[in-house]
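Here is a guided look at one protein chain. Keep the sequence and the 3D view open side by side as you read.

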Amino acid sequence: MQWNQLQDTCLKMQLYYSATIQEYRQFEHLIWIRLVAPPLARTVRPGQFAMISQRQTHSLDPLLRSAVFFAGADPNSGTLELLIDPRDPTLTRLVDLPEGTILDLGVPSVNTCTINPTTQTLLLAGVGSTLPALVFLARRYAGKLNVSLLMAGDDGFVPPPFLLPTTVEVQISSAGASALFDLLTTTTDQNPLRWADQIVLGLPSLFVSRAASLIRTTRLRWDHGLVQVILAGSLPCGLGICRVCQIETRQGWQRRCVEGPVFDLRDLRLPA
Ligand code: FES
């Protein structure tokens, strides 16, 4: 990438914000952080992520950052929430931070989740590092739409239901990430995949083909806009430079950190 292209990329984004840790709590395998950053809390959307580093005036590597999806934002209080798996080696620099710590957040202006005005029933389902983005979506549309949230993982990183409004129907399996497909298929006569007006999945790319075949066998029609996927995976630079995060789509190879991380499932080129 040329220097002027990098400048263009940076200019397209409102890149950098300062955020102060107001509250830090660690549950068994989950860290919950509330940050104060009023300008960002007013604009952030579900599906957006932050490239986070601690503010270090003498850092020799200011680009070394941890990518984390936002789990919530409250424009009135100017706060944002993060949920972090302390076992994730890319997030260790965010563990054990005292309240009052100032973080630098790079927040690219990316493709986020779009909920249609006609949608009444919204199914959210996912695993791993994209779960905070689904929690954010569930909170944003709770009470306005019928929202179901299915989450699977191991004993560790599954956000607890008490973080969600009571109007959100939550199902959790801690039998591993693959158990998400059991949650999606066990109730055959009331299968949520059949009735949802829109579906948002949070998945690593390795699960995407399986999810697509499940939807293909469940829905008579599968139009553009029915299923969005927030794709998980490492984001080393988060700026569109390293191309580690590429995924093949019908429009060619695209970067999750620039053209994603939210894609329409129909736009992804899936292995046969
Ligand atoms: S993370 Fe480097 S190009 Fe996307």
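Leaving aside its neighbours within four places in sequence, which residues is Met-151 in contact with? The answer comes below, once we have zoomed in on that spot.

## The chain at a glance

Please bear in mind that this is a predicted model. The protein chain folds into 6 helices and 14 strands, and 40% of its 272 residues are buried. If you take the contacts between residues at least 6 apart in sequence, 68% of them join residues at least 24 apart.

## Met-151 and its surroundings

Now to the opening question. Setting aside neighbours within four places in sequence, Met-151 is in contact with Gly-126, Leu-131, Val-158, Pro-159 and Ile-172. Met-151 belongs to strand β8. Is this residue buried or exposed? Burial here calls for 20 or more other C-beta atoms within 10 Å; Met-151 has 29, so it is buried.

## A closed barrel

Let us turn to the barrel. Its 6 strands close up in the order β1-β2-β5-β4-β3-β6, with antiparallel pairing. Ignoring direction, neighbouring strands of this sheet are turned by 45° against each other on average.

## An open sheet

The chain also has an open sheet of 6 strands, in the order β9-β8-β7-β10-β11-β14, and the pairing in this sheet is mixed. At the edges stand β9 (169–173) and β14 (262–264); each has a single partner strand, so one side of each is left without a neighbour in the sheet. From one strand to the next, the twist averages 15°.

Inside this sheet, β7 and β8 run parallel and are joined by 7 bridges. One place to look is Thr-121, which stands opposite Asn-146 in β8.

## Helix α3, with strands around it

Helix α3 (residues 131–141) lies across β4 (66–74) and β5 (79–84), at about 15° to β4. α3 also lies across β7, β8, β10 and β11, running at about 160° to β7. With 10 of its 11 residues buried, α3 is largely enclosed by the rest of the structure.

Which residues of α3 are buried? They are Leu-131, Pro-132, Ala-133, Leu-134, Val-135, Phe-136, Leu-137, Ala-138, Arg-139 and Tyr-141. The elements covering them include β4, β5, β7 (121–127), β8 (146–152), β10 (198–204) and β11 (227–232). After the helix comes Gly-143, with a positive phi near 85°.

In soluble globular proteins, nonpolar side chains tend to be buried together. Here the largest nonpolar core has 75 residues, and those with the most contacts inside it are Phe-70, Leu-124, Ala-138 and Leu-149. The largest share of this core, 8 residues, is supplied by α3.

Not counting residues up to four places away in sequence, Leu-149 touches Leu-124, Leu-134, Ala-138, Leu-164, Val-168 and Val-170.

How values were computed: Residues are numbered from 1 along each chain as its sequence is written. This is a predicted model: local features need pLDDT of at least 70, side-chain atom pairs count only at pLDDT 80 or more; totals for chains, interfaces and linings use all residues. Helices (H or I, at least four residues) and strands (E, at least two) are DSSP runs, numbered from the N terminus. A residue is buried if 20 or more other C-beta atoms lie within 10 Å of its own, exposed if 12 or fewer, and partly exposed in between; C-beta atoms are placed from the backbone. Two residues are in contact if their C-beta atoms, placed from the backbone, lie within 7 Å. Two strands pair if DSSP finds at least two bridges between them. Axes are lines fitted to C-alpha atoms, for helices over the stretch in contact, and angles run from 0 to 180 degrees between N-to-C directions. A nonpolar core is a set of buried Ala, Val, Leu, Ile, Met, Phe, Trp, Tyr and Cys residues joined through C-beta atoms within 7 Å.
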